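Hi,

Here is the structure I promised to pass on. Have a look at it first, and then read my notes below.

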Amino acid sequence: MVADLTAADFLQASQQSPEKPSSNIEAAALQVESLGLQLDGKVILHGVSFSLPTSGVTSVIGPSGAGKSSLLRCLNGLLTQWSGTISVAGASTRQWHGGWDQLRRHVGLIAQKPVVFNASIRANVCFGIHGWRQRRRADELVEKSLQQAALWDEVKDRLDAPAVTLSVGQQQRLCIARAVAIKPGILLLDEPTASLDPRSKQLIEQSMQQLAKETPLLCVTHDLEQAQRLEGSTIFMCDGRVIEQGESKQLFTQPQCIETREFLRWSVCDCN
Amino acid sequence: MNAQRLLYRDTISKSIVWLLAVPALLIPAIVLCYIFWQAAPVLDWGFIVGTADGAGFGITDGIFAQLLGSLLLAVMACVIAAPFALGTALFYRTYASPRQQRLLTAMFNMLQGIPPIVFGLCGLVVLVNLFAWGISLISGAVVLALVVLPLLVLNTLATLERIPLDYTEAGMALGLGSGTIIWRLWLPRSWLNLLTGLLLAMARALSETAPIMFTATVFSGVVWPDSLFSPVTTLQTHIFYLAQEGNDPQVISIAWGSAAVLVLLVASLGLLARLLHKLGEH
Ligand SMILES: Nc1ncnc2c1ncn2[C@@H]1O[C@H](COP(=O)(O)OP(=O)(O)O)[C@@H](O)[C@H]1O
Ligand SMILES: [Mg+2]
């Protein structure tokens, strides 16, 4: 359903943002080095390091309380009191041109619980769009974004209906469309399908796989089967540390670390 | 036997609580009935609309001028205070450091604790005399604005606090700046509640007498003020002046009539505010 319009066409149509440095070496889309975070005197992240390739899905798994959500909030600058370095496309996010607001436009974040604004579906998709040039082609952009989020077919006849009338699953896809509409360079998703119906789950996974062809995706998930379905690589986090990172196939079948093995064993038990 | 004792005790404590609550239930009802009973002889449409030439000192010509003056002062006070209240509350929520927040909270608590008559006195010294604005609509409105400002700020803060953090963060995650978040997320979501606060502040401004007594009002002779710098007559001060006359029953019943109209005005503002608040919940 989204096959005729891929993320590739979409991103090609967008201009390159001026803050993106054009390096000739193949830089990682995102490089995190010894990222530490303390909140209210409690250490949440202990020196997290990993990197994201320039495309494809990277899943993050781990028990709840491991600091996965906090990690994502550091990456897009919702939290700023971290230590260490985060570089996006070779540039440090602390010295990002235009500050944190501009960084957040480049590093999109989809929250676990969808939050739609009190406005129409169309207005929600357009919320982050700046500038007359973009606004003039808003209709086109709305259609493309909704198609990328696998929501277009369900809402194309009622774009002006209030967004709150959508089901939760649809609202989550609307949030994805809203984030995709501003053409982020990286997309972070925090348990995007937790507590959604199977149909929405499937559509969101489909849409993520399409998006991942051009944009690197970092997806936190508690659903190990989902991590396996999404392919790409997987990061296992526990107690604010990255325990293991590797190709998903490898990590799920032959985990190297004992903690990973334990976690996978217990999680499989949980599912049954 | 024991159960019987317990039952007695229960009945007794229940009756005591009831008895203590009775005044709170009855007195407002009695006062309201009394006001309208006393006002009944003069209360008719002609009394409210009046002849509106200001020649009858608000006694023989109805209270239109007084009603108009009260409303003008209350509306102007809110119009003056509202932008400052909104600005202060938004500053508090977005840019203020924790220290500035504590300072602001202390300031507004203090401002709320100052008796209104003190504001009236300050208005007389600074606005009426020093600025030479005279006893005028504008002096009164500015003083009243100061009186309702803390109320408006606290209400606006409470309204902004009810906006879930998720909602704001969803906007931040789209890279919206704080200005955009305020204009496109916060205000569209909470304007009904802000309007509720404005109506309550207006009701408060209508009930204040002390701040305007030396700064804005004269006994009679004005209907439509010529400019911001002309004095006005108001219902509140009208009641005050008439009650001082004391003896003439005709004059006293005019005072009751004015009181009834003022009570109705304040009550209907309160009712409207409740209605808007209910609407804002959805
Ligand atoms: N604002 C905060 N202040 C203090 N501790 C926090 C805050 N937010 C999260 N935490 C703590 O950080 C830890 C990691 O939380 P989180 O990142 O939400 O984990 P996950 O998403 O992996 O379940 C938890 O123990 C949580 O209690
Ligand atoms: Mg989480």
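Before you go on, some ground rules. This is a predicted model, where local features need pLDDT of at least 70 and side-chain atom pairs count only at pLDDT 80 or more, while totals for chains, interfaces and linings use all residues. Residues are numbered from 1 along each chain as its sequence is written, chains are lettered from A and ligands numbered from 1 in the order in which they are written, and side-chain values use heavy atoms, with hydrogens and water left out.

Back to the interface. Chain A brings 17 residues to the contact and chain B brings 14 (contact means heavy atoms within 4.5 Å). About 1,500 Å² is buried between the two chains, with carbon and sulfur atoms giving 58% of that; buried area is the accessible area (1.4 Å probe) that two parts lose on being put together, summed over both.

Now the salt bridges (a side-chain nitrogen of Lys or Arg within 4 Å of a carboxyl oxygen of Asp or Glu). In one salt bridge, Asp166(B) meets Lys113(A) at 3.1 Å, N to O. Asp166(B) sits in helix H7 of chain B and Lys113(A) in a loop of chain A between strand E6 and helix H4, so this pair joins two chains. (Helices, H or I with at least four residues, and strands, E with at least two, are DSSP runs numbered from the N terminus.) Lys113(A) is exposed at 55%, whereas Asp166(B) is partly exposed at 34%. Those words refer to relative accessible area: buried is under 20%, exposed over 50%, partly exposed in between (1.4 Å probe, protein chains only).

Chain A also has a network of salt bridges linking Lys201(A), Glu205(A), Asp223(A) and Arg229(A). Lys201(A) pairs with Asp223(A) at 3.5 Å, and Arg229(A) pairs with Glu205(A) at 2.7 Å. Arg229(A) in helix H10 and Glu205(A) in helix H9 are 24 residues apart. Glu205(A) is buried at 7%, but Arg229(A) is partly exposed at 39%.

Cheers
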